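Here are my notes on this one, in numbered points. Have the model open while you read.

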Amino acid sequence: MFTIAAAHHQTELALIYVQNASCIPGFSLHQVSTAPTSSSLIPTPLSLTSVSLPSFVINRSRNTILAKWLEERGVRVFNPAIVTDLCNDKRKTYEFLRKHGISFMETAYDIQTVTDWEYPFVVKPACGHGGDLVTLVGSKKELAEHLQKIKERYREHPGYVLQRCASDIGKDLRVYVLGGKIIASVMRSTYDESFLQNLHLTEGSNFTSSIPDHSYIDIRSNYSLGHAAALHTLTDEEETLVQRIIPLLPFDCIGIDFIYDKGHPVFNEIEDAVGARMLYANSNIDLVSLYMNHIDHSMTSGFSVGSK
């Protein structure tokens, strides 16, 4: 019997929408809460101070410091701290992948470096997720106002990312990867083809400031925002990109997201605490059971903390 600790943030549970691990043979669940202090401080795992450390932890808190605290005490963390650290700050993600030759849309982290960019372009919080505060800005005034919103919402991590907009708006691909293998892929879309044709944004065209009003255009295609999603069979080009990323870090369970520019997939981000609602809604794939099988295999075959 393994003791599993589920590190959570607010009401998000570790086991991907499973309320209780008692239904999974061989595992017992102990949920971990951290002190409500600044994430820049060492988070004391309150519920671990009076009990023995668990066999392993599924960390969906996006808290790197907690993951490191556990790993330093010999606890296997899924995903490892290095994955949490690199994948929950888009700036770190992009620069890490840039070093490994993975391309993405032209990106900047300082408004002083984009004075010659043509509007509109994308602004998003560096540490955001779920599409929060991801938007197009069409002027210096809009840019300043949106950066202020990010600063207020993400007080501890006010960094931001500026990015050229991909041509194929409102469309992205989520690829679920578990234990180094592709489990499934889901295409998400905000608009139907007729809407895009009315904008003269058919596949392969350019998204530019010639659009008279960008304010009604939502570039986000997140399933959690109510947009459409369907299972997708990867093209050779898409699969090649995924297979180039998988070996770069000791991933356990993640989602790799791509957007599309002129009909070609372009890396967008990696989801560490990846959600699975749209996978359950569109398939019979039981990601939780697959994940627990992966954990069981990892624990019984031996491991070193933070290694693949």
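1. Accessible areas here come from the Shrake-Rupley method with a 1.4 Å probe, and for residues only the protein chains shown count as cover. On that basis the chain exposes about 14,500 Å², with carbon and sulfur atoms supplying 51% of it. Of the 308 residues, 51% count as buried (under 20% relative accessible area, 1.4 Å probe, protein chains only; exposed is over 50%, partly exposed in between).

2. Some ground rules. This is a predicted model, where local features need pLDDT of at least 70 and side-chain atom pairs count only at pLDDT 80 or more, while totals for chains, interfaces and linings use all residues. Residues are numbered from 1 along each chain as its sequence is written, and side-chain values use heavy atoms, leaving out hydrogens and water.

3. The chain has eight helices and 13 strands (DSSP runs numbered from the N terminus: H or I of at least four residues, E of at least two). Taking contacts (heavy atoms within 4.5 Å) between residues at least 6 apart in sequence, 66% join residues at least 24 apart.

4. Now look at helix H3, residues 90-99. Its buried residues are Lys90, Thr93, Tyr94, Phe96 and Leu97. Because they span an arc of only 165 degrees around the axis, they sit on the same side of H3 (the arc uses directions from the helix axis to the C-beta atoms). Their cover includes helix H2 (81-87) and strands E5 (107-108), E6 (121-125), E8 (160-163) and E13 (264-271). Just after H3, Gly101 takes a positive phi of about 75 degrees.

5. Which residues have the most contacts inside the largest nonpolar core? They are Ile245, Phe251, Ile256, Phe258 and Phe267, in a core of 31 residues (buried Ala, Val, Leu, Ile, Met, Phe, Trp, Tyr and Cys joined through side-chain atoms within 4.5 Å). Strand E12 gives the most to this core, five residues. Apart from it lies another core, of 19 residues, including Ile58 and Val186.

6. On to the rings: there are six aromatic pairs (Phe, Tyr or six-membered Trp ring centres within 6.5 Å; planes under 30 degrees apart are stacked, over 60 edge-to-face, the rest tilted). Tyr119 and Phe121 are stacked, at 4.9 Å centre to centre and 20 degrees between planes. Phe258 and Phe267 are edge-to-face, at 6.4 Å and 85 degrees. Ring pairs also link Tyr94, Phe104, Phe258 and Phe267 into a cluster.
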